[in-house]
Amino acid sequence: MAGDCDPADVFALLDDEYARSLLAATSHESMSATELSDQCEMSLSTVYRRLDQLETCGLVVAETTPDPDGDHTKTYEAHLDELLVTLEDGEFAVSLSTASTTAEFADAFTDLWEGL
């Protein structure tokens with residue numbers, strides 16, 4: 001989570017044009033690094049480097065899915081609904097707010113159970 005990441009690292013990522021492009025692209029749908037490289041017009045090594053930094057700070061999540069041919073594909077999705085920056089006593093703090101699909105599934109299960 002961003003709470004585990006130094007606020008300076010989060011600020012640097014959000015100041016980076018490549019990182020912002022990757023966040024924007026993955027906010028619509030999960031995408032592979034190759035798809036992101038094509039869509040955002042950046043080298044694959046740049047994509048992987050920025051995705052690693054974004055994932056470390058909890059701004060994107062990665063999911064590995066098996067392909068029918070036996071290979072695996074890793075896709076990335078923005079994991080950011082709200083980023084709050086506070087300044088108190090000369091110290092910056094960053095908190096990240098995300099939508100939890102687990103909570104959505106739990107709510108759906110509860111609604112289903114109560115409807116029986």
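The points below go from the basis of the model to its fold, core, cross-links and surface.

1. Basis. This is a predicted model, in which local features need pLDDT of at least 70 and side-chain atom pairs count only at pLDDT 80 or more, while totals for chains, interfaces and linings use all residues. Residues are numbered from 1 along each chain as its sequence is written, and side-chain values use heavy atoms, with hydrogens and water left out.

2. Overall fold. The protein chain has five helices and five strands, where helices (H or I, at least four residues) and strands (E, at least two) are DSSP runs numbered from the N terminus. Along the sequence these elements follow the pattern α-α-β-α-α-β-β-β-β-α. Of contacts (heavy atoms within 4.5 Å) between residues at least 6 apart in sequence, 44% join residues at least 24 apart.

3. Burial and surface. Of the 116 residues of the protein chain, 28% count as buried; here buried means under 20% relative accessible area, exposed over 50%, and partly exposed in between, with a 1.4 Å probe and protein chains only. The accessible surface of the chain comes to about 7,800 Å², and 50% of that surface belongs to carbon and sulfur atoms. These areas come from the Shrake-Rupley method with a 1.4 Å probe, and for residues only the protein chains shown count as cover.

4. Nonpolar core. The largest nonpolar core has 22 residues, and those with the most contacts inside it are Leu22, Leu36, Val47, Leu51, Leu54 and Leu59; such a core is a set of buried Ala, Val, Leu, Ile, Met, Phe, Trp, Tyr and Cys residues joined through side-chain atoms within 4.5 Å. At least two residues of this core come from each of α1 (7–15), α2 (17–26), α3 (33–40), α4 (44–56), β3 (72–78) and β5 (91–97). The element that gives the most is α2, with four residues. Leaving aside residues up to four places away in sequence, Leu36 touches Leu22, Ala25, Thr26, Met31, Glu41, Val47 and Leu51.

5. Disulfide. The count comes to one disulfide, taken as a pair of cysteine sulfur atoms within 2.5 Å, and this disulfide joins Cys5 to Cys57 with an S to S distance of 1.9 Å. Cys5 lies in the segment before α1 and Cys57 in the loop between α4 and β2 (60–66), so the pair ties together parts that are 52 residues apart in sequence. Cys5 is buried at a relative accessible area of 10%, and Cys57 is buried at 2%. Cys40 is likewise buried, with a relative accessible area of 16%.

6. Salt bridge. A search of the whole structure finds one salt bridge, defined as a side-chain nitrogen of Lys or Arg within 4 Å of a carboxyl oxygen of Asp or Glu. The partners are Arg50 and Asp16, whose closest N and O atoms are 2.9 Å apart. The pair links distant parts of the chain, with Arg50 in helix α4 and Asp16 in the loop between α1 and α2, 34 residues apart. Both Arg50 and Asp16 are buried.

7. Ser32, in strand β1 (residues 31–32), is buried with a relative accessible area of 12%, and, not counting residues up to four places away in sequence, Ser32 touches Thr73, Lys74 and Thr75. In strand β5, Val94 is buried at 9% relative accessibility. The C-alpha atoms of Val94 and Leu84 are 5.7 Å apart, although these residues are 10 apart in sequence.

8. Nonpolar patch. Phe11, Val85, Leu87 and Phe92 make a nonpolar surface patch of about 370 Å². Patches are made of residues with over 30% relative accessible area and no salt bridge, with like charges joined within 9 Å and nonpolar side chains (Val, Leu, Ile, Met, Phe, Trp, Tyr) within 5 Å. Phe92 lies in strand β5 and is partly exposed, with a relative accessible area of 47%.

9. Backbone points to check. Glu41, in the loop between α3 and α4, has a positive phi of about 55° although it is not a glycine, and Glu41 is exposed at 73% relative accessibility. Asp89, in the loop between β4 (82–88) and β5, also is not a glycine and has a positive phi near 55°; Asp89 is exposed at 76% relative accessibility.
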